[in-house]
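Open the model in your viewer and keep the selection panel at hand. This tour goes stop by stop, saying what to select next and what is there.

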Amino acid sequence: MKKLFKRMSVLLAAGFLILVAAGCGKPLADQDALARAKKADTLVWGVKADTRLFGLMDVKTGSIKGFEVDMAKALTKQILGSKGKAELVQITSDTRVPMLKGGNVDAVIGTMTITPERQKVLNFSDSYFNAGQSLLVPKDSKIKSVKDLTAGTKVIGVQGSNSVDNIRKVAPATKVLQLSDYAQAFTALKSHQGDALTTDNGILYGMSQQDPRYVVVGGSFTKEPYGIAMNKGQTNLTNAMNKALKTLRQNGTYEKLINKWFGDVPGFDIKEVG
Amino acid sequence: MFKIMFSNWDALLSGLGYTLMASVIALIASLIIGTAFALMEISLHKWVRVIGKAYVEFIRNIPLLVIAMAFYVIVPQFIMQMDGFTAGTIGLTIYTSAFIAETVRAGIQSVPNGQMEGARSNGLSYMQAMTHVVFPQAIKLVIPPLGNQFINLVKNSSVLAFVAGFDLMYQGKLIANATFNTFDTYLAVGVLYLVITMPMSYAMRYLEKRWHTA
Amino acid sequence: MQNFINAYSAVNLSYLLRGLWVTIEVSVVSIFFSFLIGTLLGIARYVKIKYFSAIVGFIIDLIRNLPLLLLLFFTYFALPNIGLRLSVIPASIVAMTVFESAMLAEIIRSGIGAVPVGQMEAARSNGMSYSQAMLQIILPQAFKKMIPPLVSQFISLVKDTSLATIILLPELTQHAQIIYGQNVNYTIPMFVALAVLYFIVNYALSVGSRIIDHRLN
């Protein structure tokens, strides 16, 4: 038995070394994502599944639907040709950066604002959607704008979203609670865990559409241009993404998708977002 | 990892504080509730036994996350305001109380029946016999498993991260999101958990060995 | 009441059951692998090979003393670093297996330790080799005694799969969250469903273990 174990431990160590040697050479994050995607005919996208209008799980079919999902599919066809497949992986604001940095996904299209801090660690495409941060409150709430967020109020935000940093700047007295995704955050608002929920207007309008007892108030107090995020150094994929985005804007696909998802959302101005 | 640790020391420390606070509160509360249910489980009345057993069996078979989330989501909608830390700690207490009930019951039952009978025949009441004769003997058997329950509590309190409970895991997630340095952040968080749980775990093993041979 | 009827629509129920299926799938595969690995680690720890056992023991202790939540995060985000892009189901299985193997190793080590030393000596003096004695005499006796703690660890594993919602494993708890996330009136019905479904699976496991335990001992 002891002999057996000695042999086994040698084997295990050898196996581990091989794994490390095989792996260490090329962590996924460092490989050229575009070349790999072309070889596999598949681009792996991180998309939201908790955000109405952008990316929401359809319980009936078990698939994710929304503007960003349609964009991901259209962009994939542009980049990889008609055979190209878009593989969708669920992300949240909380998990999207580690998944990009780690290499779990090639690109993220998930209501992600282009910010200088994020640009230090990620590549961004040109903006595909111009949102602005706003507030969602119960219909009978006293809070009408960010000015009403005084000491003693609680605002719900989502981990990993820059809206949390923004609200701290414009309403420093309010207490911020961060939940892991938008579904949890909206449930927390409905459970009276906070007085308002803050994030970008597009997402908030989706929540208001789902449950009209909650309304978007105060207009937008920031500018949030959404970009497609890729890992730092993926220049080829970033260039291909920008080219594909331009083509979709020129051939009318982009406008069609915007109209499909945001055309009949009350209170939402589709001219502002493009 | 050290850079992350030092530059976010305040946040990590406050997270650790909430983790420990939740664990200690839940340990004490679940010790009381758990002992009560253990006594119910060995009660002389059939229906009290049934209720005790049902509680323990039910809670033991449901994930902690589900219990904590239920308190966080349902209670404020219908009953009263309850923040994430409170909801999480109540969830931890209820979950752990079922395991403590089992531990305490096993401890009490391992004390030979003759002890109770002897005490009773010497004129002690059931309660007196329990507190003066049976409990002191059971406690030696119960302490190491209770220590292990505390380690579990520290680890399990990470579910507070799901309900914005300000614990170590929650702070870790916020730091990871702010610094974009996931790997080092969770390494630092892991080290802080180990600082609490590893010494506890070795201490319990030592006690178990010592009292077992004694 | 109306909420309950609406919440348990065919669409929602089938979505919940799909989640339950993932829970069971991840649990069964993780139980299988962690039982195998846990047994090997448990023996490795018991036989006391110089250095090797001590190192194995230390690693086991490290893993046992970390929250599973942390291991799930780590595994999911760290695996691509060694060139492996696992989707969320296999990644969860890897994390659960690592954690549960360490937990099981402890149970198995103490189970083997509880078999009287005389058993091994008797087997050896009857001409069996160390590994023969271990496999044919010691382990079967140890496993017989270990059934209750083993199964309660398996139950923990089933419950712990709910933590993988943090990396968006599409299991039972996450599916319930998605359903009540889209309609707040379904909150209570969904939690009731979660409690019932987890209870059924885990209670079945514990009843099964009691029957086997009773037969063997």
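A salt bridge here is a side-chain nitrogen of Lys or Arg within 4 Å of a carboxyl oxygen of Asp or Glu. Keep that rule in mind for the first stop. One caution before you start: the model is predicted. The predictor gives the complex an ipTM of 0.89 and a pTM of 0.86.

**Stop 1: a pair within one helix**

Select E57(B) and K53(B). Their side chains meet in a salt bridge, with N and O 4.0 Å apart. Both residues sit in helix 3 of chain B. They are four residues apart, about one turn of the helix. Now show the surface. K53(B), at 33%, is partly exposed.

**Stop 2: a pair across two helices**

Move to chain C. Its average pLDDT is 89, and 100% of its residues score at least 70. Select R45(C) and D61(C). They form a salt bridge whose closest N and O atoms are 3.3 Å apart. R45(C) belongs to helix 2 (residues 10–47) of chain C and D61(C) to helix 3 (residues 52–64), so the pair ties together parts 16 residues apart in sequence. Both R45(C) and D61(C) are buried.

Now widen the selection to E41(B), K53(B), E57(B), E102(B), R105(B) and R210(C). Salt bridges that share partners join these residues into one network. K53(B) and E57(B) from the first stop are among them.

**Stop 3**

How many salt bridges does the structure hold over all chains? There are 16. One more to see is in chain A: select R36(A) and D106(A). Their closest N and O atoms are 2.8 Å apart, and they form a salt bridge. This pair links distant parts of the chain, 70 residues apart. R36(A) is in helix 2 (residues 33–40) of chain A. D106(A) is in the loop between helix 4 and strand 6 (107–109) of chain A. R36(A) counts as partly exposed because its relative accessibility is 22%. D106(A), at 4%, is buried.

**Stop 4: where chain B meets chain C**

Color chains B and C separately. In this interface, 36 residues of chain B are in contact with 39 residues of chain C. The size of an interface is often given as the accessible area lost when the parts come together. Chain B and chain C bury about 3,200 Å² between them, and carbon and sulfur atoms give 71% of that.

Three salt bridges cross this interface. To see a salt bridge between the two chains, select E106(C) and R205(B); their closest N and O atoms are 3.9 Å apart. Eight residue pairs are in polar contact between chain B and chain C, both residues at pLDDT 80 or more.

Which helix of chain B gives the largest share of the side that touches chain C? Helix 9 does, with 13 residues. By class, that side of chain B has 24 nonpolar, seven polar and five charged residues.

**Stop 5: where chain A meets chain C**

The contact takes 40 residues from chain A and 34 residues from chain C. About 3,200 Å² is buried between them, 65% of it on carbon and sulfur atoms.

On the side of chain A that touches chain C, helix 1 (2–25), strand 3 (55–58), strand 5 (85–91), helix 4 (96–102) and helix 7 (182–190) each supply at least two residues. Helix 1 of chain A brings the largest share, seven residues. The classes on this side are 16 nonpolar, 13 polar and 11 charged residues.

**Stop 6**

Bring chain B back and select Q149(B), in helix 7 of chain B. Q149(B) is buried because its relative accessible area is 12%. Beyond residues up to four places away in sequence, Q149(B) touches T96(B), F99(B) and I100(B).

Finish at I33(B), in helix 2 (residues 9–41) of chain B. I33(B) is partly exposed, at 31% relative accessibility. Leaving out residues up to four places away in sequence, I33(B) touches Y55(B), T93(B) and S97(B). Then select L12(B), 21 residues from I33(B) along the chain: their C-alpha atoms are separated by 31 Å.

How values were computed
Residues numbered from 1 in each chain as written. Chains lettered and ligands numbered in written order. Heavy atoms only, no water. Contact = heavy atoms within 4.5 Å. Buried area = accessible area lost by both parts, 1.4 Å probe. Polar contact = N/O pair within 3.5 Å; in protein donor to acceptor, adjacent residues only side chain to side chain. Nonpolar A, V, L, I, M, F, W, Y, C, P; charged D, E, K, R; others polar. Buried < 20%, exposed > 50% of the residue type's maximum accessible area, 1.4 Å probe, protein only. pLDDT = per-residue confidence, 0-100.
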